[in-house]
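Subject: Structure handover

Hello,

Here is the structure we talked about, followed by notes on what was found in it. Please read the notes with the structure open.

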Amino acid sequence: MKMPPFAYAKAHSLPELFSLWTNAGTEARVLAGGQTLLATLAFRLSEPSVLIDISAIASLKGVTETQDILRIGALTTHADLGANGLVARYAPLLTKAVPLIAHAAIRNRGTIGGSLAYADPAAELPACMVALDATIIAQSAGGERRIPASDFFTGLLTTALEEHELITAIEVPKAGPDQRATILEIARRSGDYAMAGIALAYRQAQDGAVQDGAVQAPRVVFFGVGDGPVRAVNAEMAMSGAALTTASIAAAQAVLATDLDPPGDLHGSPALKMQLCRTLLARALTPFILSERTAA
Amino acid sequence: MNELVRPSDLDRPNSYIGRSVPRPNARKLVEGRARYVDDVSLPRMVHVAFVRSPHAHATILSIDGAAARAMPGVIKVLTGENISAICDPWVAVLAHLKGMKSAPQHAIAIGKACWQGEAVAAVVATSRALAEDAVGQVWVDYATLPAVLDMETALDTATPVIHAELGDNLTFQRQHEKGDVEAAFKASHTVVEATFHTGRHTGVCLEPRSILADFNRADNQLTVHHSTQAPHMMQAVLAKHLRLNEGDVRVICGDVGGSFGIKVHVYPDEVATCAIAKLLGRPVKFIADRFESMTTDIHARDHRITGRIGVDRDGAITAIDIDDRTGIGPYSVYPRTSAIEGNQVVNLCGGPYDFAHYRAKTTVVLQNKTPTCQYRAVGHPIACAVTEGLVDLAAEAIGMDPVALRRRNLMKDGTYPRVSPAGMTFEGLSHEACLDQLMALIHYPELRAEQAALRQRGIYRGIGLASFIELTNPSPFMYGIGGARISAQDGCTVRMDPDGSVVALSGVTEQGQGTEAILAQIVAEGVGVSMSRVKVITGDTQVTPYGGGTWASRGAGIGGEAALQAALELKRNILVVAGAMLQAEPTALDITGGEVVDKATGQVRMALAELGRIVYFRGDTLPKDLARELMVTRHFITKDYPFSFTNGIQASWLEVDTDTGMVKLLKHWCVEDCGRIINPMLVDEQVRGGVVQGIGGALYEHCIYDGEGQLTTTSLADYMVPMAAEMPDIVVGHVETPTRESLLGAKGAGEAGTAGAPAAIMNAINDALRPFKTRVTAMPFTPMRILEALGKA
Amino acid sequence: MSAAVIQHHVDIALTVNGESVSRRVAPRQHLIDFLRLDLGLTGSHAGCEHGVCGACTVRLNGVIVRGCLVLAAQLDGALVETIEGLSDRGTIRDLQDAFVAHNAAQCGFCTPGMLLAAADILDHQHQADRAAIREHLSGNYCRCTGYQAIVDAVETTLLARKGARA
């Protein structure tokens with residue numbers, strides 16, 4: 001299907017964007033990478049009046065660092081995210097996530113800001129943001145807001161963004177050498193949205209103050225099994241405070257049903273999703289047991 | 001075997017038959033220079049988009065096109081009534097399918113919509129985008145009707161009848177019985193039963209259905225650029241229903257972006273496009289978008305089959321009993337009908353095996369879903385899955401190795417011709433040779449040992465086998481006998497031009513499978529010239545000999561033989577002229593490498609270019625009464641058998657993740673016998689592509705309807721086709737048993753891969769699941785279904 | 001910097017296959033329709049128009065993109081390369097030869113997009129094995145070949161180029 005008719009405007013700065021937004025009315029949409037927006041327009045399910053192209057706004061680009069924070073510009077493409085050295089060093093979970101996102105041609109154009117704003121419940125990056133305790137930086141004509149990722153995803157394809165508010169950057173606390181993080185998903189075919197996926201991060205205690213190797217501050221997040229990224233708080237508690245063992249993983253698996261309430265979809269029943277999540281949890285964590293054994 | 005067809009001797013000059021040569025027409029594909037219908041633009045061309053029913057079943061109360069007519073670029077808004085003024089409806093039945101019935105179908109629905117996606121109005125505009133804009137402004141008032149969705153209850157008295165004039169929702173039923181199945185079961189050591197489902201799926205040609213029709217009132221000529229498999233059939237159909245003479249309809253088929261049977265049918269929206277061109281007297285283009293493709297391209301394979309097999313203690317198959325039911329949508333598809341698939345299930349079940357008692361019934365019912373019809377390997381994947389699934393079940397039940405049970409029951413090589421319990425006549429098959437070659441390729445004992453060792457470590461792999469037969473090269477007994485103007489014959493014209501180059505015009509068509517390449521090989525070898533001097537022209541009803549086109553893997557077997565006969569006759573004609581020029585007996589001369597030579601010594605006597613120069617420009621120098629016919633046409637039709645049959649066996653080696661239900665394909669093998677192989681590389685690629693299409697049906701592809709009859713899988717994100725990352729490498733082996741019906745001996749290779757792959761995958765999955773004493777029999781074998789079988793979802 | 005205005009038609013000037021092109025386009029027109037309808041470059045194909053099939057893969061500013069998920073209106077100043085341009089320049093002649101030799105194109109509809117995606121492997125993934133090739137091509141749908149011949153053709157070309165560099 002051809003896209004419905006709409007007008008086009010290109011913003012070169014945030015002030016320009018906000019002024020365009022004001023002029024364009026409520027039916028305007030922001031066009032970043034367009035990899036989801038343009039695909040959905042081809043279904044003619046919505047008919048925006050104007051697409052405001054933000055791809056030329058320089059302040060939304062680039063990855064920078066401060067002492068503790070990695071700042072990723074909203075227009076960073078998946079491909080750039082995956083190839084960025086700072087990201088590989090300070091947010092390796094994201095480097096691992098990128099190859100799971102769609103396909104090369106999509107990754108060359110799709111942006112991190114767009115992915116988070118669209119908030120597909122089966123998408124990888126929203127789950128990673130929650131797992132990494134990232135902060136979403138949003139800006140409107142009225143100023144900047146800093147929204148913790150765990151508060152950002154509010155429901156199916158909905159976020160805490162207000163009208164005429166744009167994601168400008170994502171701030172991720174820099175991972176230290178004690179961070180353990182991984183992402184796994186089960187998709188029917190490579191690049192498909194996952195039937196179920198897991199992104200998790202925790203700190204592995206290394207000083208003598210607590211039990212050596214103990215799991216600290218775990219954040220276990222599932223995707224493709226709810227309205228958005230779903231944190232498995234009870235599973236986190238079950239694996240927290242001690243070194244990972246087969247038994248602690250089993251304990252985390254055992255309480256997973258209290259964390260998740262996945263809906264069925266085209267792929268199958270809620271029971272299918274629970275089975276996949278239990279499996280993912282074990283498969284995501286088990287390599288960390290093995291690596292410790294090797295280290296010891 | 002003719003002296004001209006000696007595949008074992010590839011050293012002779014111009015020996016192209018049997019050789020892997022690249023396709024001469026592949027270069028344009030890799031350089032972006034192919035010409036598909038959508039690449040053609042004509043002066044004054046306009047575009048049509050269709051208003052399609054959002055309901056599975058509804059009465060059309062009114063259609064208001066006024067708002068649409070006022071939209072930018074809109075030229076016309078047309079309803080079914082408007083079109084029917086110049087376009088007659090059709091009823092898709094065949095006389096030899098006894099008792100078959102279907103309702104009249106219009107190019108655009110009149111009064112009633114019978115599936116979600118059926119066209120109910122058309123908008124013509126200056127661009128496709130503008131036409132789509134206006135489609136949204138055509139206001140159709142519907143009164144929804146209860147939708148008939150479940151094929152199992154379609155015939156219940158409580159179920160509404162879709163077409164009142166038919167009396168019920170039954171379109172066709174056939175029962176075939178040979179021997180005494182019940183008595184044989186009683187006498188059997190073991191009888192096993194299972195119910196199989198093959199998921200409704202569709203072809204997903206990457207180039208969507210495409211047509212560009214132009215009607216020139218000045219000479220009363222309809223010219224149609226069409227992405228089709230059967231130009232002459234379309235010519236006949238369009239002429240008949242648009243009330244034109246066949247001679248006033250020209251169908252041109254350029255490059256086709258995949259067809260697989262999808263593009264051999266008459267689609268109402270395409271006929272409507274031609275009717276609109278006739279109404280407007282200008283070119284009208286219709287390119288289906290992907291959503292339209294998913295709801296209006298034919299679907300296929302929506303079957304439930306319950307089967308029983310009886311075996312003796314020693315593994316001998318005693319009897320097979322098949323009860324097949326299929327839902328075909330609201331109309332049988334024109335002109336091939338939608339009863340053929342069920343009919344094929346009856347014809348093909350048990351096909352590779354030697355057994356005595358067979359009963360099979362197919363019940364073909366109507367429903368409010370997209371119409372189904374023939375799609376690559378029509379009925380074969382279904383019959384093969386049921387047969388091979390039952391064979392594996394029987395082997396398990398009596399504790400016999402599945403290979404041993406097959407070996408025990410496969411029809412023995414060298415026992416042909418013979419007639420199967422289903423009544424199919426086999427001229428010559430090679431099941432045993434294929435099985436032997438397969439066993440050598442897969443290293444069966446080693447594979448079993450590896451499987452056993454891995455099971456100890458909780459890794460569940462399976463080996464699945466599937467013997468198959470494939471029906472090809474149909475005679476008029478397939479369609480013509482039933483009254484359809486579908487040619488089983490095909491022709492080829494071969495011409496030598498003054499420079500000694502050769503042009504071949506054929507009625508079969510190129511869909512990417514390599515038809516033009518094999519025709520060039522055959523003609524080059526037949527005449528005695530280099531392949532580079534042969535140009536092949538297909539796909540134009542005003543230019544090529546009349547023929548059936550491309551379907552049922554008939555291009556090589558029928559079109560190829562016509563080309564060979566024409567080429568050989570042209571050579572004889574050339575040598576007659578050469579004999580006169582050279583004062584030699586024509587029989588003492590030969591042509592090799594584009595030169596007339598002494599047959600005995602190989603000494604060059606004359607270049608064909610010189611012969612051509614004299615014939616065409618200095619004919620005055622030749623004897624007055626000398627025939628100089630450097631253009632020859634020959635036609636071919638099979639006469640001894642209603643169909644050819646090919647055969648083969650496939651094997652799949654895969655791993656089932658019993659915690660996720662995911663299936664990882666590790667390797668796939670196919671050993672097949674397509675008769676004479678003209679181009680081994682092209683045959684291998686037909687098999688591989690076919691296997692992957694079969695894998696699609698086994699693992700991924702499914703047209704899923706909700707309870708209201710809405711298709712939920714209308715995008716390529718939801719309807720999953722096989723992609724590169726998950727597909728295995730596929731080993732292809734060959735046995736060659738040429739048909740004696742033709743000099744060429746080719747039987748066809750287009751569908752073998754698709755026929756056997758789903759069965760092999762199913763059997764391999766069930767082999768992997770065997771330790772859990774569970775199995776899956778409903779395609780596609782999704783993680784959900786596999787985990788369900790394992791009690792985990 | 002142009003003023004930010006809401007436009008119903010957009011003037012763009014870009015380079016397509018090395019040639020300067022200026023056109024006025026409707027905002028909703030995607031890159032593939034622009035190439036096919038406005039420039040007559042029919043080598044790129046629209047297979048699904050919703051970003052899944054990969055038949056519309058072209059090169060934009062040096063990287064492969066889905067042509068149906070890019071608006072022509074966005075392309076002022078862009079560099080676009082299509083199968084026609086790559087063929088004219090001969091930069092993937094070896095890959096095209098390998099596709100012909102291995103019969104990696106049947107109907108050919110996916111082929112231009114497939115070649116663009118495959119060329120990306122040749123340019124950026126010199127160490128790719130068969131699995132990596134399959135993975136990189138996993139966004140390009142081919143109904144005809146079953147993919148193996150395509151993987152063979154890419155692998156052959158990759159190895160030949162590696163040999164030529166060595």
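Along its sequence, chain C follows the pattern β-β-α-β-β-β-α-α-α-α-α, which comes to six helices and five strands. Helices (H or I, at least four residues) and strands (E, at least two) are DSSP runs, numbered from the N terminus.

The model is predicted: local features need pLDDT of at least 70, side-chain atom pairs count only at pLDDT 80 or more, and totals for chains, interfaces and linings use all residues. Residues are numbered from 1 along each chain as its sequence is written, while chains are lettered from A and ligands numbered from 1 in the order in which they are written.

Chain C overall

Along the principal axes, the C-alpha atoms of chain C fill a box of roughly 50 × 35 × 25 Å. Of the 166 residues in chain C, 63% are buried. A residue is buried if 20 or more other C-beta atoms lie within 10 Å of its own, exposed if 12 or fewer, and partly exposed in between, with C-beta atoms placed from the backbone. Among contacts in chain C with a separation of 6 or more, 58% are between residues 24 or more positions apart. Two residues are in contact if their C-beta atoms, placed from the backbone, lie within 7 Å.

Interfaces

Between chain B and chain C, the contact takes 43 residues from chain B and 41 residues from chain C. Helix H1 (27–30) and helix H17 (680–700) of chain B are the elements that give two or more residues to the chain B side. H17(B) gives the most, with seven residues. By class, this side of chain B has 23 nonpolar, eight polar and twelve charged residues. Ala, Val, Leu, Ile, Met, Phe, Trp, Tyr, Cys and Pro count as nonpolar, Asp, Glu, Lys and Arg as charged, and the others, Gly among them, as polar.

Between chain A and chain B, 17 residues of chain A are in contact with 23 residues of chain B. On the chain A side, the largest share is five residues from helix H12 (residues 270–295) of chain A. That side of chain A has eight nonpolar, six polar and three charged residues.

Two sheets in chain B

One open sheet has four strands in the order S20-S28-S29-S30 (chain B), with mixed pairing. Strands count as paired if DSSP finds at least two bridges between them. Strand S20 (460–472) and strand S30 (730–734) of chain B are at the edges with a single partner strand each, so one side of each has no neighbour in the sheet. From one strand to the next, the twist averages 15 degrees. S20(B) runs antiparallel to strand S28 (residues 644–656) of chain B, joined by 13 bridges, and Ile469(B) stands opposite Asn647(B) in S28(B). Helix H18 (residues 752–769) of chain B lies across S20, S28 and strand S29 (663–673) of chain B, at about 155 degrees to S20(B). Axes are lines fitted to C-alpha atoms, for helices over the stretch in contact, and angles run from 0 to 180 degrees between N-to-C directions.

The other open sheet has three strands in the order S24-S25-S26 (chain B), with antiparallel pairing. Its twist averages 30 degrees from one strand to the next. Helix H15 (residues 555–582) of chain B packs on this sheet, touching S24, S25 and S26 of chain B, and its direction makes about 120 degrees with that of S24(B). Helix H16 (residues 608–617) of chain B also lies across S24, S25 and S26 of chain B, at about 50 degrees to S26(B).

One residue to look up

Gln511(B) is in the loop between strand S22 (502–506) and helix H14 (515–527) of chain B. Gln511(B) is buried, with 31 other C-beta atoms within 10 Å. Not counting residues up to four places away in sequence, Gln511(B) touches Gln229(B), Val256(B), Gly258(B), Ser259(B), Thr550(B) and Cys107(C).

Regards
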